[in-house]
Amino acid sequence: MCETDQKTVKKMPRVATGDRAILPEGAKTIPVYIMGKMYEVPETLTIMKAMEFAGFKFLRGAGCRGGICGACPTVYRMAGDYKLHFGLACQTVVEANMYLAQIPFFPANRAIFNIDEIGGLPEAIHALYPEIFRCVACNQCTKACPMDVDVLGYISALKQGNIEKAAKLSFDCIQCGLCASRCMGEIPQYHAAQLARRVYGRYIVPQAEHLKARVAAIESGKYDAMLDELAAMSKEDLEKKYVEREREPDFAEIGSWQPKETRYL
Amino acid sequence: MKISYYPGCTLKTKARNLDRAAVASLETLGVEVQEIERWNCCGAVHSLTADDLIHQVGPVRNLIRAKEQGADKLVTLCSMCYNTLARANQIMKNDTVKRDTINRFMDEEIDYAGEVEVVHYLTYLQEVIGWQKIKDQVKIPLTDLKVAPYYGCTLQRPAEVGIEPFGSYALMTGLLDALGATVMNFTAADKCCGSYQVLGVPAGENKAAAAIVNLAADAGIEALATSCPLCEYNLGKQQGQMIAKGNITAHVPTYYFTQLLAVALGLDTENCHFELNDPTSAELLQSKKCLAAA
Amino acid sequence: MTLTITGQTQSIQAIEKLNELSGESVKLCMQCATCTGMCPMALEMDFSPRKVMHMAQFGLMEKLAGINTYWKCASCHACSVKCPRGIDIAKVMEALRQQVLRKSHNYIEPSEISAETIAEMPQIALVAGFRKFTS
């Protein structure tokens, strides 16, 4: 032990720093089993915070902590029941007697393609992911999805050649890979779905006319002078301009409002 | 009249000619076709191992969809889908142990015990509409078209789900006869085209398929009618390659029976999607003056 | 084909396993070869269906492991409907396939099929083929 001046060490409340969880005074703890070992953790925490409270440190397998990046998929089971449950560690609150493990990555097949070369036909997806035809409709993928995506539905749509349906059904996918981890056909559903959305965006969904017109206007140099003007301003002038900017009122009827400054329209 | 319909994956892409002609024909005959919602692939082949229940889940799920949507009958068209759905239905109806296991496994679905009847399109035509009514509605009889019914494997085998007894071709014969065609006898009508074995065979070298086409040509048959997209692929679409490789000597244009039905009912040929057949298919009907003027 | 029968050639367990998987009894076969006569794929097979049934009756699993018969079977049931002993031979072929596939051996590799072939095949060919040839 190193020497310390006992008088100067104040007894600090147990406070975690950074991402570490804070245990409030008098908080109830519950037992959870992380990779088979029991830990007492505050009942109010998410799985991710509970694991950090227990001393685990996430080097990988944690990302946005907001339920959208798909980095922290977790499989868990409640003691005494066979049923497996699935969730995101950063969103799911711990429960007593939860047995859990992180599946931060699954080694699913991911095809390499050039979106400009593959074309917009379903056969392009079939050729890159022929394993989708190994689907037996067991539906474990859908049951495993922490985002409630109809995974079997979009795999079925892909087999039927309906890219639009697959793209729309899989829109909420966050690429966590839990579907693939449960698949007896060894199908990388989430990668196939991403390809479907890309093919849909590139080849199928109609291009917005107003977007095309705006890009053409930008490229023709219509807005160059305005940007130059802004770029030449001092920081103070720029801030002033920002504060004094005109805003369209919320819920204004279309066409009912015009800015006083019309030079740029 | 309204029916619940299960199309199958291939019918949505490469066999649109089978599907579109079938739906358009039924509508002309006064039947509203309602495709079941949220259907999935049937699995194409019935699993033959006694302990393998997971491969029954796919077809059973479709039957559950039909039950949920209030159907007591599910009409289907593709021979392979028909076979897979009908055989899975048999298990759910008759084998209580397997039924319970499958129902327990699909804990997210309602229980199913074989309440929906799987009906092939041909059976539906005969039993519900009848050949006479179809005959009455024929606008362009397929006069002089020497066509043979080709059943392949799964329409008749095994007996417990066969649309008619092994060796009998009364259903398609009845239909083609009503359409005004000359129905031909054909010794290879129940021979297998090679089915999924085509996966390992170079294009045009499927010997089982070549043998069937040659037997048809030798019998003076001008055209074959089928209800299976895999038969059509092996027997019809491969004919150019089979000729190039010297495995068959002449084309025998191949059709889905629904295409012939739609043509005879005088429907717009757009419904038949002949562009998905070998080019000789449309040419033969053209030469027989059977295609409605565009 | 002559089979020399000794205590070693017969594997009762292998026969029982085959019967269990297929739900059939291979012992019922009387070697009439109707199956071979009906089989559209017999010409592609190194051993005809009758010979395979014979091997199966003796549980010759090692011999059965190296032949192509059940991989060439198209599950068309032509043999099954005509078998005078009522054996669903297609199910015996499936059991033989499954014994290999269940050890995680693929007979064909989906990733080795060319993109052109996959693009051209009807979906049912792929679904059916992968069912029969991949584990």
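How many residues of chain B are in contact with chain C, and how many of chain C with chain B?

What we have is a predicted model, in which local features need pLDDT of at least 70 and side-chain atom pairs count only at pLDDT 80 or more, while totals for chains, interfaces and linings use all residues. Residues are numbered from 1 along each chain as its sequence is written, and chains are lettered from A and ligands numbered from 1 in the order in which they are written.

To the opening question, then. In this model, 32 residues of chain B are in contact with 30 residues of chain C; two residues are in contact if their C-beta atoms, placed from the backbone, lie within 7 Å. On the side of chain B that touches chain C, helix H8 (207-218) and helix H9 (229-237) of chain B each supply at least two residues. The largest share of that side, three residues, comes from H9(B). Helices here are DSSP runs of H or I with at least four residues, strands are runs of E with at least two, and both are numbered from the N terminus.

Let me turn to chain B as a whole. Chain B has 12 helices and eight strands. Its C-alpha atoms fill a box of roughly 55 × 45 × 30 Å, taken along the principal axes. For 294 residues, a compact globule would have a radius of gyration near 19 Å, and the 19 Å of chain B agrees with that. The radius is taken over C-alpha atoms, and the globule rule is 2.2 Å times the number of residues to the power 0.38. Of the 294 residues in chain B, 57% are buried. A residue is buried if 20 or more other C-beta atoms lie within 10 Å of its own, exposed if 12 or fewer, and partly exposed in between, with C-beta atoms placed from the backbone. Among contacts in chain B between residues at least 6 apart in sequence, 79% join residues at least 24 apart.

How is chain B divided into domains? Domain 1 covers 2-121 and domain 2 covers 131-287; these bounds come from an automatic or database domain assignment. The C-alpha centres of the two domains lie 24 Å apart. Their contact takes 24 residues from domain 1 of chain B and 26 residues from domain 2 of chain B. On the domain 1 side, the elements that give two or more residues are H1 and helix H3 (79-94) of chain B. H1(B) gives the largest share of that side, nine residues.

The axes of helix H1 (residues 16-28) and helix H11 (residues 257-264) of chain B come within 8 Å and cross at roughly 40°. Axes are lines fitted to C-alpha atoms, for helices over the stretch in contact, and angles run from 0 to 180 degrees between N-to-C directions. H1(B) is therefore oblique to H11(B), given that angles under 35 degrees count as roughly parallel, over 145 as roughly antiparallel, 65 to 115 as roughly perpendicular and the rest as oblique. H1(B) passes H11(B) in a left-handed crossing, meaning that the near helix is turned anticlockwise from the far one by less than a right angle. Among the residues making this contact are B:Leu18, B:Ala21 and B:Ser25 of H1(B), and B:Leu261 of H11(B).

One backbone feature of chain B should be noted. The peptide bond from B:Arg157 to B:Pro158 is cis, with omega near -5°. B:Pro158 lies in the loop between strand E5 (146-149) and helix H7 (170-178) of chain B.

Next, chain C. Chain C is divided into domain 1 (12-103) and domain 2 (107-135), and 24 Å separate the centres of these domains, taken over C-alpha atoms. C:Arg102 is found in the loop between helix H7 (89-101) and helix H8 (115-120) of chain C. Is C:Arg102 buried or exposed? It counts as exposed, because it has 12 C-beta neighbours inside 10 Å. C:Arg102 and C:Ile118 are 16 residues apart in sequence and 25 Å apart in space, C-alpha to C-alpha.

I close with positive phi values. C:His77, in the loop between helix H5 (69-72) and helix H6 (78-82) of chain C, has phi near 65° and counts as buried, with 26 C-beta neighbours inside 10 Å. A:Gln175 has phi near 60° and is partly exposed, with 16 other C-beta atoms within 10 Å.
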